[in-house]
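Have a look at the model first, then work along with the steps.

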Amino acid sequence: KAADEAKAVAQDDPLPYVAQAWVVFFRELDRLHILRSELFATDDSYNSRDAYTWDAGNKKSFDTSLDQAEKLAQDRLNRNRNDSRALLALSLINGLHGDDFGIFTKKDLKAISYIKTATTYAEKLLAQSPDSYDAYVATGMGKVIVARKSAPVRWVLRLGGLKGDEGEGVKELTLAADRAHYLAPFARLLVVFEDVRFKRTDDARRKLEALHQQFPNNHLFQDELDKLGRTSAALVRQGN
């Protein structure tokens with residue numbers, strides 16, 4: 001509803017269409033139970049993940065929203081190559097395409113191609129507007145994803161200009177988690193998954209409790225808190 005209202009106010013703004021694509025994307029992640037810590041906690045669990053199938057209606061809405069957003073963003077760049085809203089939109093558009101290919105269809109090389117493009121737009125935006133913290137979602141995810149590839153793949157990607165650095169990527173995601181305007185909650189959840197991955201249980205719990213307080217009707221954060229509780233209880237039993 002908010003996106004539809006925004007479209008009426010500024011008909012050349014691509015971000016309301018990007019927002020609607022994110023809504024559909026999160027709807028599918030929830031429907032298919034994808035956005036869960038156990039999927040991202042280890043490389044083995046992520047690499048052995050299943051390919052997923054979109055709901056046809058949601059996929060059509062997703063693609064239509066991104067196509068319209070990209071058209072508007074490119075039109076704005078044609079008028080002003082430094083248009084900040086266009087650069088942010090194109091970073092997010094390509095990031096979503098990358099997530100689609102990487103998470104849903106397991107076409108990782110195609111996903112990385114989109115992630116590289118998203119990173120290019122994000123870096124251009126950050127060079128002129130360092131406070132555009134949403135762009136750090138693209139750059140941070142790109143660094144983390146590449147860092148987790150095998151050494152030969154990382155070498156090839158580095159030749160193509162895409163470098164992996166998990167520590168730096170997490171720092172950028174943390175910046176987005178703390179300061180981003182649109183994607184802070186998503187970035188916070190990605191940082192939680194990093195905490196779970198490296199057994200930083202207390203840090204993960206604090207972040208999840210804050211997310212649960214902010215979004216009390218979203219079951220995901222409470223589900224993840226319950227998992228942490230079960231894990232902690234199991235460790236205590238093992239210690240005894």
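Predicted model: local features only at pLDDT ≥ 70, side-chain atom pairs only at ≥ 80, totals over all residues.

**Exercise 1.** Find which helices each supply at least two residues of the lining of the largest pocket.

*Solution.* Residues are numbered from 1 along each chain as its sequence is written, and side-chain values use heavy atoms, with hydrogens and water left out.

Step 1: α2 gives the largest share of this lining, 9 residues.

Step 2: the lining has 28 residues, and Trp22, Phe26, Tyr182, Leu183 and Pro185 lie nearest the centre of the pocket. On a 1 Å grid over the protein atoms alone, a pocket is an open set of points with protein on both sides within 12 Å along at least five of seven lines, a cavity is a set where a 1.4 Å probe fits but cannot get out, and lining residues have an atom within 4 Å of a point.

Step 3: sorted by class, the pocket lining holds 21 nonpolar, 3 polar and 4 charged residues. Ala, Val, Leu, Ile, Met, Phe, Trp, Tyr, Cys and Pro count as nonpolar, Asp, Glu, Lys and Arg as charged, and the others, Gly among them, as polar.

**Exercise 2.** Work out how α2 and α5 pack.

*Solution.* Step 1: the axes of α2 (residues 15-31) and α5 (residues 56-79) are 8 Å apart, at an angle of about 155°. Axes are lines fitted to C-alpha atoms, for helices over the stretch in contact, and angles run from 0 to 180 degrees between N-to-C directions.

Step 1: α2 and α5 are therefore roughly antiparallel (angles over 145 degrees count as such).

Step 2: among the residues that meet are Phe25 in α2 and Phe62 in α5, where contact means heavy atoms within 4.5 Å.

Step 3: this contact of α2 with α5 comprises 9 nonpolar, 5 polar and 2 charged residues.

**Exercise 3.** Which residues lie closest to the centre of the largest cavity?

*Solution.* Step 1: of 15 lining residues, the closest are Gly95, Asp99, Val137, Ala138 and Met141.

Step 1: α6 (84-104), α7 (108-128) and α8 (135-147) each supply at least two residues of the cavity lining.

Step 2: by class, the cavity lining has 11 nonpolar, 3 polar and 1 charged residues.

Notes:
Helix = DSSP H or I, 4+ residues; strand = E, 2+ residues; numbered from the N terminus. Parallel < 35°, antiparallel > 145°, perpendicular 65-115°, else oblique.
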